[in-house]
Amino acid sequence: MEVNEVFEKVKSLFEEELGIESEKITMEAKLEEDLEIDSLGIVEVVMAFEDEFEIEIDDEELTDVGTVGQAVNLLHSKL
Amino acid sequence: MTKQRVVVTGLGTINPLGNNVITTWKNLINGVSGVDYITLFDASDLPVTFAGEVKDFDPNDYMGKQNARKLDRSGQLSIFAAEEALRDAGFDIDQPLGEEFGIVFGTGIGGIGATEDAVRIYDERGSNRISPLAITQLMPNSSTGQVAIKYGIQGPSLTITTACAASANAIGEAKKMIEQNIVDKVLVGGTESGTTSMTIGAFAQIKALSKQNEEPQRACKPFDKNRDGFVMAEGSTVLILESEKSANERNGKIYGFVEGYGSSTDAYHITAPSEGGVGALRAMEQAITNADINAEEIDYINAHGTSTIANDVNETLAIKSLMQDYAYIVNISSTKSMTGHLLGGGGAFEAMASLLSLKNNQIPPTINLNDPDEECDLNYTANNSIEKNIEYVMSNSFGFGGHNAVLVFSKQ
């Protein structure tokens with residue numbers, strides 16, 4: 001799967017599952033500050049990623065994930 | 001410090017009769033039923049297929065999907081009702097209310113819908129698929145915390161869970177906070193949204209619910225010979241309680257005074273009322289004493305009036321013990337005949353109805369009362385509202401667990 005495809009899937013997950021407005025969702029957007037995803041929301045996001053991409057994500061892998069782009073790259077590396 | 005008198009300066013509500021105070025009051029006075037067939041989920045497998053649901057409320061429209069999905073329906077309704085009450089009382093909802101404001105909410109079963117959802121997910125998909133929002137949605141103090149966050153309330157807070165007496169107790173405890181000068185403004189709410197499959201099924205199992213599925217609007221018939229149980233309902237009602245001094249200083253309008261509060265426990269049976277309503281009677285006596293009036297000064301009793309066999313007879317006996325001959329004269333009504341039973345939200349809703357009665361000098365009826373039970377032989381204001389000068393109203397709320405909370409409101 002190309003990075004761009006992963007981004008599109010992530011974008012639609014954020015829109016449909018979390019109700020985030022689509023124009024806010026860019027590769028540069030910060031999860032916490034720009035998309036208002038708090039600590040509970042991060043757990044939801046991870047669960048949604050795991051279901052959508054049929055992968056498992058460990059907490060340690062999330063340490064450096066602060067933006068949509070970083071999340072997309074992590075997912076891409078695991079596919 | 002002198003004891004403060006407590007007034008109500010704002011009202012807000014969302015309930016089966018309307019999504020604001022004015023519509024709700026109009027429907028109460030016109031004897032409209034808010035009960036209908038269940039639409040929130042497929043209830044066809046349940047022995048009871050109707051309830052008092054909130055209508056025309058889209059939480060995504062109201063607060064945006066990203067916020068709405070974080071809350072149980074009970075929390076969404078609480079935030080909605082609180083907004084109307086705060087605006088009504090003249091507060092700027094865009095500014096945090098701060099440390100001067102306290103908050104007390106009553107609920108019977110909190111975010112029971114979120115509990116049911118989480119258990120379903122756990123059973124189907126395992127513990128690592130339970131929503132991280134489950135705990136914050138299902139905890140009984142969820143509405144208290146979410147309303148406090150939304151409007152920046154930083155004073156003392158309490159959540160009261162005395163079943164169907166919860167939000168009457170909430171008003172009483174808030175009254176004490178103000179009287180004791182702990183804080184001079186308290187947002188008090190009562191919320192329930194337990195019209196869910198497991199919860200209705202479970203209440204039906206204990207024979208508490210009416211099963212008159214053929215005619216939902218006529219199922220709740222307090223004090224009638226053909227009553228067969230209560231009707232589940234959902235909603236939220238919020239009152240702004242304030243010291244009289246604080247209300248006057250900011251020229252707030254005053255609906256009435258919270259003049260008396262009584263609270264007692266049956267210590268008899270976990271669901272059945274004590275025989276002769278003696279537990280309820282003690283709470284009524286305390287409320288009257290606390291208001292420093294005689295029982296004969298009460299013009300209207302907003303009864304607990306659930307439409308269960310046991311409640312309506314025992315409440316009637318308690319009123320007779322309290323008022324003797326005057327019991328046959330005083331106007332009594334059960335607004336639950338129109339709303340259904342808001343459980344922990346009932347006390348706050350009925351406090352609102354009591355205050356609007358005082359303000360408008362009108363008494364809402366007990367609808368569906370066509371064939372009175374011989375043991376229920378008082379003046380229940382059957383089927384039609386009446387106009388009458390009202391100085392004092394008493395509102396009764398009794399809950400499973402044997403909890404009794406009674407409030408007295410006055411005009412002056």
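Predicted model: local features only at pLDDT ≥ 70, side-chain atom pairs only at ≥ 80, totals over all residues.
**Figure 1. Overall make-up of chain A.** Chain A contains three helices and zero strands. Read from the N terminus, its elements follow the order α-α-α. The radius of gyration of chain A is 11 Å, close to the 12 Å that the globule rule gives for 79 residues, so chain A is as compact as a globular protein of that length. Along the principal axes, its C-alpha atoms occupy a box of roughly 25 × 25 × 20 Å. Buried residues account for 19% of the 79 residues of chain A. When contacts in chain A between residues at least 6 apart in sequence are considered, 53% link residues at least 24 apart.

**Figure 2. Overall make-up of chain B.** The secondary structure of chain B consists of 15 helices and 14 strands. A compact globule of 412 residues would have a radius of gyration near 22 Å, and the value of 20 Å for chain B agrees with this. The box filled by the C-alpha atoms of chain B, taken along the principal axes, is roughly 65 × 55 × 40 Å. Of the 412 residues in chain B, 59% are buried. Among contacts in chain B with a separation of 6 or more, 80% are between residues 24 or more positions apart.

**Figure 3. The contact between chain A and chain B.** Eight residues of chain A and nine residues of chain B take part in this contact. On the side of chain B that touches chain A, two residues are nonpolar, four are polar and three are charged.

**Figure 4. The two domains of chain B and the contact between them.** Domain 1 of chain B covers residues 7-249, and domain 2 covers residues 260-410. A distance of 21 Å separates the C-alpha centres of domain 1 and domain 2 of chain B. In the contact between the domains, 62 residues of domain 1 of chain B meet 56 residues of domain 2 of chain B. Several elements of chain B each supply at least two residues of the side of domain 1 that touches domain 2: strand S1 (6-14), helix H1 (21-29), helix H8 (166-179), strand S6 (185-192) and strand S7 (235-243). H8(B) gives the most to this side, with eight residues. The residues on this side of domain 1 of chain B comprise 30 nonpolar, 25 polar and seven charged.

**Figure 5. Strand S13 of chain B and its surroundings.** Strand S13 (residues 392-399) of chain B is largely enclosed by the rest of the structure, because eight of its eight residues are buried. Tyr392(B), Met394(B), Asn396(B) and Phe398(B) point one way from S13(B), whereas Val393(B), Ser395(B), Ser397(B) and Gly399(B) point the other way; all are buried.

**Figure 6. Strand partners of S13(B).** Strand S9 (residues 300-302) of chain B pairs with S13(B) in the parallel sense, over three bridges. Within this view, Met394(B) of S13(B) is the bridge partner of Ile301(B). Strand S14 (residues 403-410) of chain B pairs with S13(B) in the antiparallel sense, over eight bridges. Here Phe409(B) in S14(B) stands opposite Val393(B). The hairpin of S13(B) and S14(B) has three residues between the strands, and Gly401(B) in this hairpin takes a positive phi near 105 degrees.

**Figure 7. Helix H4 of chain B.** Helix H4 (residues 73-88) of chain B has 16 residues, which at 1.5 Å a residue should span 22 Å; the end C-alpha atoms of the helix are 23 Å apart, which agrees. Of the 16 residues of H4(B), 14 are buried, and the helix is mostly covered. Gly90(B), which follows H4(B), has a positive phi near 90 degrees.

**Figure 8. Ala118(B) and its contacts.** Ala118(B) is located in helix H5 (residues 112-125) of chain B. This residue counts as buried because Ala118(B) has 20 C-beta neighbours inside 10 Å, and the cut-off for a buried residue is 20 or more. Apart from neighbours within four places in sequence, the residues in contact with Ala118(B) are Ile130(B), Ser131(B), Ala134(B) and Leu138(B). Pro132(B) is 14 residues from Ala118(B) along the chain, and the C-alpha atoms of the two residues are separated by 9.7 Å.

Methods
Residues numbered from 1 in each chain as written. Chains lettered and ligands numbered in written order. Contact = placed C-beta atoms within 7 Å. Nonpolar A, V, L, I, M, F, W, Y, C, P; charged D, E, K, R; others polar. Buried ≥ 20, exposed ≤ 12 C-beta atoms within 10 Å, placed from the backbone. Helix = DSSP H or I, 4+ residues; strand = E, 2+ residues; numbered from the N terminus. Pairing = 2+ DSSP bridges. Expected span 1.5 Å × (residues − 1). Rg over C-alpha atoms; globule rule 2.2 N^0.38 Å. Domains from an automatic or database assignment.
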